[in-house]
Amino acid sequence: MIAKITKAGSRTRGVLNYLYGPGRANEHTDPHLVDSWDGFAPDPGRDPNATLAQLTTALDLRVEQAGGRAPKAHVWHCSVRAAPEDPVLTDEQWATIARRILNATGIAPAGDPDACRWVAVRHAEDHIHIVATKVRGDLREPRHWNDYLHADKECAAIEKEYSLRQVPRGDRTAAKRPTRAEQEKARRTGHATTPRERLRTTVRTAVAAATNTEEFFTILRGTGVLVDVQHFPSGDIRGYKVALPDDTNAKDEPVWFSGSTLASDLSYPKITERLGPTESVPVSLRPERQTAWRQVTEAAGRIPKVLDQADEATGQAHITVLAETLDALVLIVPAGYKPQFAQAAGAFERASRSRIRARHQQTQATRRAIKAIVREPAPKDGALLAVLLDAVLLAVVAARHWHHIRHHDQQAEAADQAAGHLRTALGAAAVQPLRTLSQRGRLLPGAVLHRQAAALHRSLSEHSERVLAEPGWPALATTLADAEAAGHDPATLLTEAAGQRDLTTAASISEVLVWRLRHLAELPLQPAPRRPTSSPPTAGAAQPTQQRRTR
């Protein structure tokens with residue numbers, strides 16, 4: 001159940017005309033009162049002798065009595081809507097709900113004889129409109145600060161008591177929604193999304209790709225967006241605003257949006273915090289050279305552990321950089337996968353913010369790698385994209401759990417939606433690499449297949465029979481054989497891979513394990529030439545698994 005409080009108005013009759021009228025698309029049916037301040041207000045919907053003028057006069061009585069002391073915007077309007085899957089509530093139930101909302105917001109506290117005058121109008125099965133005039137019987141204004149938060153909290157209680165769908169509650173960190181006027185303008189101009197939404201996506205992507213604020217503005221201008229950088233008298237940048245060339249107002253002027261009106265984390269100070277100078281790593285302390293794709297994959301693979309063990313500020317920083325990873329991938333993945341990635345990045349945008357302040361210095365290395373993959377050629381190894389996708393998917397699932405245990409309901413739901421889009425993208429990206437691996441698996445000698453099946457039985461006895469029957473088993477057998485040829489113990493790798501997520505809910509356990517193992521063992525799609533088996537490693541030489549863990 002959702003309560004929406006609109007901006008206060010000054011024309012009581014205008015609101016009533018809409019509520020009792022046919023609606024914008026003739027959607028209003030049987031408009032009538034379900035309750036009022038005293039239960040005896042005239043109802044033009046059901047009483048043939050009552051008029052809208054009479055109802056307006058009754059509601060405005062105290063406004064007229066207060067005269068100049070009455071607020072100019074004296075009309076309080078709140079719509080309360082049930083979810084589509086909720087049962088149809090009776091007029092009596094809606095009347096009770098209206099009184100609870102009015103009591104919670106302070107417009108009409110229960111038992112207060114001087115409470116504001118109000119009516120609750122129903123013109124559809126799934127919602128009501130509450131209209132009140134903001135002058136009490138003692139001619140003072142009501143105390144209704146933070147009325148939206150109080151109404152939302154009361155709606156959450158009503159959902160539980162009436163067994164309605166429990167809507168995820170927000171923490172006021174969501175990006176501002178497009179207004180009705182913006183949505184209607186987008187439809188008129190033939191766009192699926194509003195300028196606000198398109199600009200938000202463009203700015204987020206530019207932040208993910210840019211290495212500093214100067215490059216950020218250059219990338220924005222390169223997309224065709226109009227950019228107005230504002231300065232202090234000292235010459236320092238104060239902020240920025242953006243507009244689309246084809247989005248103009250009645251005076252044929254661009255409609256500008258500041259970064260903070262697109263989303264709180266897109267303000268100039270927040271962007272400079274993320275794009276600030278990063279500390280260089282001394283050469284002696286740098287790990288062995290890895291491609292940016294490998295670095296991002298490794299970083300994404302560490303996020304679940306960080307979210308489980310680190311403090312909240314560090315966890316929030318890693319979720320923010322995970323969102324930047326999704327934004328950057330939209331730019332570089334093959335065209336066939338872009339729609340799913342764009343949907344995943346758009347959904348996860350809501351999960352990237354919370355009330356917890358991020359400690360961005362903890363994610364500098366990951367952010368550097370993200371900037372690098374935008375400038376680095378995409379790998380020819382198709383498995384590498386699937387491995388990265390799998391690591392990002394696991395991180396998104398971990399982010400959903402992190403938000404869920406902190407009761408960040410909207411963020412958890414957004415992360416869940418993003419995970420669904422990523423599963424679709426992974427399924428598409430994995431088709432060709434899995435086909436290649438399966439073809440190789442069908443050519444493996446029987447002794448090799450038997451050895452890998454034995455390793456599977458030892459490590460995952462509860463899942464082994466299912467895995468052996470799956471179409472993905474040949475690809476998994478190939479992966480285990482590649483890992484063994486690279487010097488790893490297949491059984492040990494299987495145990496480690498299985499510990500990264502619950503396998504019982506996987507659609508294909510074998511495919512999940514393929515990408516986990518190829519990530520852990522850093523295996524290419526095609527194996528390197530095998531080393532001669534006649535010369536064993538010298539004493540004291542580190543084994544490949546040990547080398548990977550040391551790095």
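Mentor: Two strands pair if DSSP finds at least two bridges between them. Please keep this in mind for the present structure, which is a predicted model.

Trainee: What makes strand 2 and strand 4 a pair?

Mentor: Four bridges join strand 2 (residues 32–36) to strand 4 (residues 118–122). The definition asks for at least two, so the two strands pair, and they run antiparallel. Within strand 4, Val121 is the bridge partner of Leu33.

Trainee: Why is strand 2 called largely enclosed by the rest of the structure?

Mentor: Five of its five residues are buried, and buried means under 20% relative accessible area. Strand 2 is therefore largely enclosed.

Trainee: Why is the pair of Phe216 and Tyr240 called edge-to-face?

Mentor: The ring centres lie 5.6 Å apart and the planes stand at 85°. Rings pair if their centres lie within 6.5 Å, and planes over 60 degrees apart count as edge-to-face. Both conditions hold, so the pair is edge-to-face. Phe216 belongs to helix 8 (residues 213–222) and Tyr240 to strand 7 (residues 237–243), 24 residues apart.

Trainee: How do you know that Phe217 and Tyr240 are also edge-to-face?

Mentor: Their values are 5.9 Å centre to centre and 65° between the planes. The limits are 6.5 Å and 60 degrees, so this pair too is edge-to-face. Both residues are buried. Ring pairs link Phe216, Phe217, Tyr240 and Tyr268 into a cluster.

Trainee: Which residues touch the most other members of the largest nonpolar core?

Mentor: Of its 81 residues, these are Phe348, Val396, Leu422 and Trp515. Helix 15 (residues 382–405) supplies the largest share, 15 residues.

Terms used. Residues are numbered from 1 along each chain as its sequence is written. This is a predicted model: local features need pLDDT of at least 70, side-chain atom pairs count only at pLDDT 80 or more; totals for chains, interfaces and linings use all residues. Side-chain values use heavy atoms; hydrogens and water are left out. A nonpolar core is a set of buried Ala, Val, Leu, Ile, Met, Phe, Trp, Tyr and Cys residues joined through side-chain atoms within 4.5 Å. Buried means under 20% relative accessible area, exposed over 50%, partly exposed in between (1.4 Å probe, protein chains only). Rings of Phe, Tyr and Trp (its six-membered ring) pair if their centres lie within 6.5 Å; planes under 30 degrees apart count as stacked, over 60 as edge-to-face and the rest as tilted.
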